[in-house]
Amino acid sequence: MVMTENAGDAGVSGHLEFASGSSTEGSTGSATLETGEAHSGLSGKVYLAVGATELTPSPITLNGGLSSGATGGLISVSSGSATAKSSGSVVVRSSSSGSGGVSGALVFGSGSTSAGSSGSVTISTGTSVNG
């Protein structure tokens with residue numbers, strides 16, 4: 001386990017950052033977070049969470065990366081594949097609210113552009129054979 005010290009009654013606990021180095025020419029390295037392979041049991045889960053607070057928690061942000069001369073980076077979320085049974089599901093949902101609020105919104109949109117067409121939003125199902 002890698003962790004910072006607790007903050008105690010006041011203050012801020014430490015900051016953890018995992019990153020590859022920069023490059024002035026060529027590519028930078030990759031950063032990978034994954035569990036090991038399990039041959040006769042379940043593989044471990046990767047869990048990202050923001051800690052509980054009495055205030056509004058900070059967000060979890062996935063950023064595909066900025067490009068100054070080409071297309072920005074891609075964020076891809078996909079379920080696990082399977083060779084013998086069904087592939088995994090991808091679930092996007094907001095959690096239930098307390099008695100004095102509303103549940104969170106789901107927002108799907110493409111970015112704006114000053115020239116040309118903005119991106120599209122596509123929701124589709126896969127093709128089916130024998131079903």
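**Contacts.** I looked up contacts (heavy atoms within 4.5 Å) in this predicted model: of those between residues at least 6 apart in sequence, 0% join residues at least 24 apart. I note that local features need pLDDT of at least 70 and side-chain atom pairs pLDDT 80 or more, while totals for chains, interfaces and linings use all residues. Residues are numbered from 1 along each chain as its sequence is written, and side-chain values use heavy atoms, without hydrogens and water.

I found zero helices and zero strands in the chain, taking DSSP runs of H or I with at least four residues as helices and of E with at least two as strands. The radius of gyration, over C-alpha atoms, is 20 Å, well over the 14 Å of the globule rule for 131 residues, so the chain is more spread out than a compact globule. That rule is 2.2 Å times the number of residues to the power 0.38. Along the principal axes, the C-alpha atoms fill a box of roughly 60 × 45 × 45 Å.

**Burial.** I checked burial (under 20% relative accessible area, 1.4 Å probe, protein chains only) and recorded 0% of the 131 residues as buried.

**Surface.** The chain exposes about 12700 Å², of which carbon and sulfur atoms supply 49%; the area comes from the Shrake-Rupley method with a 1.4 Å probe.

Definitions and conventions: Buried < 20%, exposed > 50% of the residue type's maximum accessible area, 1.4 Å probe, protein only.
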